[in-house]
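Student: I've got a model open on my screen. Can we walk through it together?

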Amino acid sequence: ISEMKDRIAAHPELGKSHLYCVLPLHSMVPPAEQKRVFQPPPQGARKIVLATNVAETSITISDVSSVIDTGRVKESRFNASSRIRELVTVWTSKASATQRAGRSGRTGPGVCWRLYSKEFFNDKMPARTSPEIMRTPLDELVLQCCLLQEQRRSRKDSMGTSPIQFLRQAPEPPPIKSLLHACNHLLEVGGLELLSIEPEYRFQLT
């Protein structure tokens, strides 16, 4: 967004501040600056909003008449092997692309310009964004599962809990590798105690 703003400012036509009002919109923009995107531009000027995917569902800018969709989005991904959270740029989903197109023409005629082909949309883009459980650290979720299951029975009589078995029953279960890494990490830091391995991994909170 910052690079695009600089390029627009350097453009011989779009850089004319009295004709074009360029407004960035992302999480690091101060609240007072964010409010400017909802205000009408100066008389005779066109408003250009450079937004992240926060503009898909979180806000509605009523006077937007055109949307330019790059088809890209930044997502937080978790590498279970290296235990590093990464912010990567990936293709957005069909559902998100449809949502972006709907941001234009809220109060009048609107159009969405997509910087990718119809064939790419139909054949290459995922139908929807992968659930957060598939791409984030699972340590806290494993602890919550153990806590909830232990609260349902007496700790004295407990044979432990199996968060791996429980989370594998989710509609879209997380990768088993990510679950094992989370459990191993919690064992290393003393958050869990291993009670048994067979027939399934069973833990209790320490």
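This is a predicted model: local features need pLDDT of at least 70, side-chain atom pairs count only at pLDDT 80 or more; totals for chains, interfaces and linings use all residues.

Student: Is Trp113 buried or exposed?

Tutor: Trp113 sits in strand β6, which covers residues 111-114. The cut-off for exposed is over 50%. Trp113 has 54% relative accessibility, so the label is exposed.

Student: Which residues make the nonpolar surface patch with Trp113?

Tutor: The patch takes up about 450 Å² of surface. Nonpolar side chains tend to be buried together in soluble globular proteins.

Student: What about the inside: which element gives the largest share of the largest nonpolar core?

Tutor: That core has 13 residues, with Leu138, Val142 and Cys146 among those with the most contacts inside it. Two or more residues come from each of α6 (139-151), α7 (163-167), α8 (176-188) and β8 (202-205). The largest share is four residues, and the element giving them is α8.

Student: And what radius of gyration does the protein chain have, next to a compact globule of 206 residues?

Tutor: Start with the box: the C-alpha atoms fill roughly 75 × 40 × 30 Å along the principal axes. Of the 206 residues, 32% count as buried. A compact globule of that length would come out near 17 Å, but the protein chain has 24 Å.

Definitions and conventions:
Residues are numbered from 1 along each chain as its sequence is written. Side-chain values use heavy atoms; hydrogens and water are left out. Patches are made of residues with over 30% relative accessible area and no salt bridge: like charges are joined within 9 Å, nonpolar side chains (Val, Leu, Ile, Met, Phe, Trp, Tyr) within 5 Å. Accessible areas come from the Shrake-Rupley method with a 1.4 Å probe; for residues, only the protein chains shown count as cover. A salt bridge is a side-chain nitrogen of Lys or Arg within 4 Å of a carboxyl oxygen of Asp or Glu. Buried means under 20% relative accessible area, exposed over 50%, partly exposed in between (1.4 Å probe, protein chains only). A nonpolar core is a set of buried Ala, Val, Leu, Ile, Met, Phe, Trp, Tyr and Cys residues joined through side-chain atoms within 4.5 Å. The radius of gyration is taken over C-alpha atoms; the globule rule is 2.2 Å times the number of residues to the power 0.38.
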